[in-house]
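Please read the following explanation alongside the structure.

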Amino acid sequence: MCTFTNEQDSDDFDWIVGSGSQGTGPPYDHTTGTTQGSYMFIDSLQPLNQGDTAQFNSERMVPTTGTACLQFWYFMYGDGIGTLQVLINQGIPGTHYVNANMFPVWSLSEEQGNQWYSAQVPISSVIEYNMIFEAVHGALANGYIAIDDIRFVDDKFCTLLPPEAEPFQDLTVANCNFDQNTCAWTNSNDDDFDWLRISGHTSSANTGPDGDHTSGTGYYIYMESSSPRVPGDRTVLLSPWLPPLSNSGCFGFWYHMFGATVETLNMYLEFSHGDRILLWTLTGKQSNYWLPAKYTIQTFTPVRFWIEAFVGQSFSGDIALDDFVLDYGVCPPDGTCNFEADHCQWTQSSSDVFDWSRGNNGTSSQGTGPSLDHTYGSQVGKYSFIETSSPRIAGDTAQLISYDYPAGSRYCFEMFYHMFGASIGKLNVYVKPSSQKLSPSQLVWSETGNQGDLWRYMQVTATNPSDDFNIVVEGVVGSSWTGDIAIDDTRTNVGDCPPQGFCDFEQNFCSWVNVQTPGLDEMDWVRNAGSTPSVTTGPTVDHTTGSSLGFYLYIETSQSSTGDTAWLLSSSYEPTSQLPSGGLCVSFWFHMFGENTGSLNVYTAQDNQDNLVLKDMLWSRTGDHGDYWLPAAVNVTSQERFFIIIEAVKGNGYTGDISIDDLDVLKYPCDTLTQPTLPPIDAPTPAPTPWDCDFELDWCGWTNQLNLNLNWTRWQGKSSSSYTGPSTDHTTLSENGYYIYVDMDYVGEDPHMNDPAQVFSPMLTVTDENGLCLTFWYHMYGDHVNQLGVYVKQRDYTSGLLWSRQGSLGSSWNYGQVSIQRAGDFTVVFEALRGAGYKGDIALDDIKFIIGACPATQLCDFEENNICGFENDPTVEFVWVLNQGNTTTVNTGPSIDHTTQTGNGHYMLADASSVDKEGSRAKLITAKHAGTNDKCVTFWYNMYGDDVGTLNVWKVENQVYDEYPHWSLYGDRGDIWKRASFPLQALTSFQLVFEAIRGKSELGDIAIDDIQLSDQLCPLVGTCDFEYDTCGWTNVFDDSFDWTLNSGTTNTDNTGPSGDHTSGSGKYMYIETSSPRVTDEKARLMSETFIKYSTTANTHCFTFWYSMVGSTIGSLEAFIVSGTYPGVSKSVFYKSGEQVGEWNYHQLEISLYDEFYIIFEGTVGPGVGGDIAIDDIVTWPGSCVTAAPPTKVNCGPTDEVILTTQVCDYKRGEVKNWNFFIMVQLLEHHFLKAVFAINFRLM
């Protein structure tokens, strides 16, 4: 066996010497080609298990001087044989990690043929190693694996043979979310303890995450820093060996480092030849949430990752990891660099005099340069700087150059800089075309001279409309050696820079920083999402999004002393005397909840380039202000350059967390602001009350009113009547769950329209001055649905109707919420009224009560006399009023509101009879909203009357109206509520203005209702897949019956689709043609109005899918209606009778010189087998581009070709299944700027 030996300890069986004459291996050897020659083989006839291994080890070999070449011959024959591998083992013999560094370099599996084949393997190692031939037993005991003629040669051109013996198949082996196990990652044997896999919180308080990153409920791995661990203990996690990444790979993961004594997390890359390099490092406490990390690697040998963590000074130092992902290609650039490991994407210029350097803990010269970095505020953290000592002379330059940014793109470039010293020169930022040399004309930002011993913030928008471009940071040497300049924490974000001082903390601190100068404060502000670590203090949601996913800043008071302070510092501002307004306004929201809450203060500090000295206290609050986000607005004036400082002071206990969110610094005084009305706060999940009921076990004390024709019934599964009622409960969304409902088919003698069924709550005892909030889910589906209402009964008094809904709302559960501002003892009454027939079942489920005010919603429905902080503009001719029922003038305005569809509901009205002059205006101004990149504004309007004027919706930023309205419509639109929607972007805080302009006479009332600003992209007008709602498509009032939202099959056999078109399991709209429908009855479904914004043709492409399956199908027709009511109608699509195929596609192009809307008209055929359905309606501005849906599309910046049954977000190039998502940005005539989303399935 030459110098090879069988492994004695770590395998399951041995290689043996064989020859053809023995009959159990190959029939001949390779060396002599005879039965007498010898070879090494494994005998598969031994009693072995699948996966058992045999290892044949070489002697210890010296490091290779270049690339050695291992050559051998192999014979693999027989059904069910296993695998032959060549391994390199760089572990140290005689130690506990003898096999700690072993990886494959050649691997083949399964039968290769009844003959000998040649193999070769390139070998590279800078340390001593062993070669191992490993055979892995297969599934069957039939065949053999053999090797022969092993030799080593020096060959730098050695290639792997056969090519399919590459042991690394793909990179996904490194991916892991730890929900099932640790995947292919393993704990090292060469450390002090192991990483642990866990779900939920770690075992120590005030450290570690509350849940995993993947879902919040899954698993992650973490380092437990409690006893028996001691400071300095080390744990190492090893990836599997990975293939060479000559074309680069991007490794990303999420980490959590929260706790007072968090130490260090390192990531290394180990090469197969033995070298190891540090890629990434981070030290100290971070924020209490998961943070991303990513790194681009490029290698030409196999590699693996080492992730190493150290224990800090006590138990509060847990470090956690989750969601490892490795993929081909470089990591997407984001411009972020903290200079901890290297200069990231920045490269040194070859056209300057000297280079930038990385440093920490001060520069080599006294009286200049930073002593702490900006990232961590520590002497350990790194930054980049220019050293201005000899041999540097005045005017010498050092330049850092970014990667290329694409032409036409716009980025906000941000960085922190430090310019401290008596002879500071200049710091310049340029934006230059990539193909050009640097020139003074490309300068976009500059700072000169001593700026004090502190880190300052700068930002500038970088763009070039016609060429790819670079950002260049240039340091210029001053007059002497005390001129060191440093930079840190560079980043680029897509889009223009926000106004100085604005921050919602969703991504980072923006331009605000924690003060790091020793002795000025004792604590830091921390960015957080969800609850703070301490109970009974701090918020549970942020103010921006009102959810546990949004971010805010807070001080954690559980680990500090009474009176400790935290200073949050703005960037520097010029004297306000230089502003036309003469002053600034600092606006923000604050949360001060807890019995030990201290103080929150706002100061200015003079920017004297030496140190920070508090000057004027401008605003202060102390003590517990309740579990609410509250608004603040502070006027600032200064005759000198200054900073703004927000100071939090700890109270006398741990229940005193103080939080802030949505900071903005406005360049005008606060008294010009419209102060928002404080909304109810989106509180944490409330504690259950004794009156809650999901009806799963019983009635929970709720009772029917006796002596009525109708009663509520507790029920399970589908209600007893067809074409009405729910098919599942709401709690479990299954046929096994329970709910209560009124079966309109079971009534007493002599049933009448409006017969009531009443269900009463148990007696409620309420002492909170805000009363309570009633929430519930209701179901109202069927042609004869009448009304559901809520009342309160107290002693002998019954309140008026507090809440109501009327008519069929489709076959789905809907959310209801009612604020009951009442104290004392009372009962709540739900009342359902019978309609004109049995198809009117009404159901309830999941009734809950919240003590106090109702949670905030994004919807303003004007109920309960609440106008949501809207205000009338007093400078115009008339006002909007809150109205109920009919308006004062006949033949104009609505008779019902949109929310409840009853005369009891409320809406806002611009009453044309309240003013005489044509062209008079009424302006309704919303409360102030934070700046946003993507919001969708939806509202419902009624514009009915012969002389209706115009309704405009404007956006106002900093009291400046946009040049054109975002939405505008004029003239009579019929006596119907119609939906409108438009996308909205705003760099700063903004308000909306609803402007009504009176027409020629009093027959011109205009009404609005149900205004909503949602944090999502608007679908294009008319586009709908009906998965969640009807997207603005509404049933009209002048037809015979309604279109219905449905899923699965329709109620009649052998007609209608088996499922929706979008996914097969979603929803669609259809007409039900069984009784009481009769032949030729029509149902009409109307779109939103397509607004015309220019003088050119209003051209749109309109596509949809339709289903006409059944023996008695009537017809489906589509109309385009243009102009004011009743409009000009034109038929553009018509089909009658049964159509081949379950779903069929149609496309048409619409080009009109006016506003228009679309109507689908379904006509009942001669029998019950005539159900007609539509789904996946898609419209987009412009001409149609194809006569039929394409089967493939290009995805993302790389134009990857994908099927249309997959999804591409056209931004990151991500591919998913079923739908595809297109981002379209339109700029029409310099005033209509919108981001639209199209969500549809083409095939």
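Two residues are in contact when heavy atoms of theirs lie within 4.5 Å. The model shown here is predicted. By that contact criterion, Thr597 touches Met592, Gly623, Asp624, Gly651, Thr655, Gly656 and Ile658, leaving aside residues up to four places away in sequence.

Thr597 belongs to a loop, the one between strand E35 (584-592) and strand E36 (599-606). The relative accessible area of Thr597 is 9%, and buried means under 20%, so Thr597 counts as buried. Its side chain has a polar atom 2.7 Å from the backbone oxygen of Gly594. Asn652 is 55 residues apart from Thr597 in sequence, while the two are 7.6 Å apart in space, C-alpha to C-alpha.

The next topic is the cavities. Searching the whole structure gives four cavities of 30 Å³ or more. The largest cavity has a volume of about 100 Å³. Its lining includes Tyr723, Tyr781, Asp783, Lys839, Phe1041, Asp1042, Glu1072 and Arg1077. By residue class, the lining of the largest cavity divides into four nonpolar, three polar and five charged residues.

The second largest cavity has a volume of about 40 Å³. Among the residues that line the second largest cavity are Ile42, Ser44, Ile81, Val136, His137, Tyr144 and Ile145. How does this lining divide into nonpolar, polar and charged residues? There are five nonpolar and five polar residues in the lining of the second largest cavity, and no charged ones.

Methods: Residues are numbered from 1 along each chain as its sequence is written. This is a predicted model: local features need pLDDT of at least 70, side-chain atom pairs count only at pLDDT 80 or more; totals for chains, interfaces and linings use all residues. Side-chain values use heavy atoms; hydrogens and water are left out. Helices (H or I, at least four residues) and strands (E, at least two) are DSSP runs, numbered from the N terminus. Buried means under 20% relative accessible area, exposed over 50%, partly exposed in between (1.4 Å probe, protein chains only). A polar contact is a pair of N or O atoms within 3.5 Å; within protein, one must be able to donate a hydrogen and the other to accept it, and residues adjacent in sequence count only if both atoms are side-chain atoms. On a 1 Å grid over the protein atoms alone, a cavity is a set of points where a 1.4 Å probe fits but cannot get out, and a pocket is an open set with protein on both sides within 12 Å along at least five of seven lines; lining residues have an atom within 4 Å of a point. Grid points are joined across faces, edges and corners, and a volume is the space filled by probe spheres set on the points. Ala, Val, Leu, Ile, Met, Phe, Trp, Tyr, Cys and Pro count as nonpolar, Asp, Glu, Lys and Arg as charged, and the others, Gly among them, as polar.
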